[in-house]
Amino acid sequence: MKVAIVRLSALGDIIVSAVFLPYLKAIRPDMEIHWFVDEVFGGILEDSPCIAKLWQLPLKKISKSKNIFEAFRMAKNLRMLEKYDVVIDLQGLIKSSVIGSMLKKDRFIGFDKHSIREKIASVFYNQKVSIPYENNILERNMALFEGVIGAKMGLENCLENRKNAFGYSSSAGAKINDLFLGEKRKIVLFVLEASNDNKSYPIEQYAKLAGLIKDLNLKIVLLWYGYFDRAQKLRDQICHFVDVLVLPKLDLDTIKALIARVDLVVGGDTGVTHLSWAMQRASITLYGNTPVERFELRGEKNISLSGNLKANYDKNDFSIRAIPPEDINEAMRRIL
């Protein structure tokens, strides 16, 4: 069976979709999986042993440049690909349904119009799945994969070996090994940034947290994306009482190797924190303006804390700041 998955973005959503791949390959070894993704996020799926072909599309580049000729070229290339038995739109947006519609296929599976925000997307599917939009993201993804195999899938069984969906290069592994050469202490990663500020835990509260855990003799590492000054500011505030390292800017390949090495990840509702859960590493995910019940990723060493149990995606909701460092401290001690 030749299957194409369309999940173009964003990082965290791609991660919580990919976790089903090891189970699918286990029950259907003949399944050849191709994945279509925006090239901006392609690195998270590179080196996956479950994906036979990764198609990285220049969608963001085209959107930014408004280059209509590049868009036509991409569409032409998609239409020229060989036929798939099944195409799955895991995103449920107009752009993802249009991409899927360009591929030759027997079946096109997606959510029905009552199960997605952009209802017109469902027009393109010839096999539609109904599940409430408010349901947990993992349940929604599983429902689409059940449509592929024509059978029910138990969520616990599906996720048992989820870490096997991800791989990284030997060079990325060597880079991380060099960073922590000889380190015997437990390593805790603070994720300082997210796609939006209302998903980022404040630097001042991270500093308070560092003070609360100084007796644990940990190695604290700081991950940043676009604001090195924030990481440097936090380092300067806590370096006199904890051992702290500001990481160099890392690509997605190296971030995967990093997650495999650290003992705990603490951060907002963002891709790197979700990756820790997906790679079956310990994590504490901090929620603010997103409803925790819809996005919570459960595990033996995965804890979710929310600053607003009635969150509804309000862009002006910065309730992640309401999560006390004392609560994170308690959660860290339970895990470590």
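## Leu-103, a covered loop residue

Leu-103 is buried, with a relative accessible area of 3% (buried means under 20% relative accessible area, exposed over 50% and partly exposed in between, using a 1.4 Å probe and protein chains only). You'll find Leu-103 in the loop between α5 and β5 (105–111). Helices (H or I, at least four residues) and strands (E, at least two) are DSSP runs, numbered from the N terminus.

What does Leu-103 touch? Beyond its neighbours within four places in sequence, Leu-103 is in contact with Ala-4, Phe-36, Leu-78, Leu-81, Tyr-84 and Val-87, where contact means heavy atoms within 4.5 Å. Tyr-84 sits 19 residues away along the chain, yet its C-alpha atom is 7.6 Å from that of Leu-103.

## About the model

This is a predicted model, where local features need pLDDT of at least 70 and side-chain atom pairs count only at pLDDT 80 or more, while totals for chains, interfaces and linings use all residues. Residues are numbered from 1 along each chain as its sequence is written, and side-chain values use heavy atoms, leaving out hydrogens and water.

Val-6 stands opposite Phe-36 in β2, while Ala-4 has Val-87 of β4 as its bridge partner.

Note on methods
Pairing = 2+ DSSP bridges.
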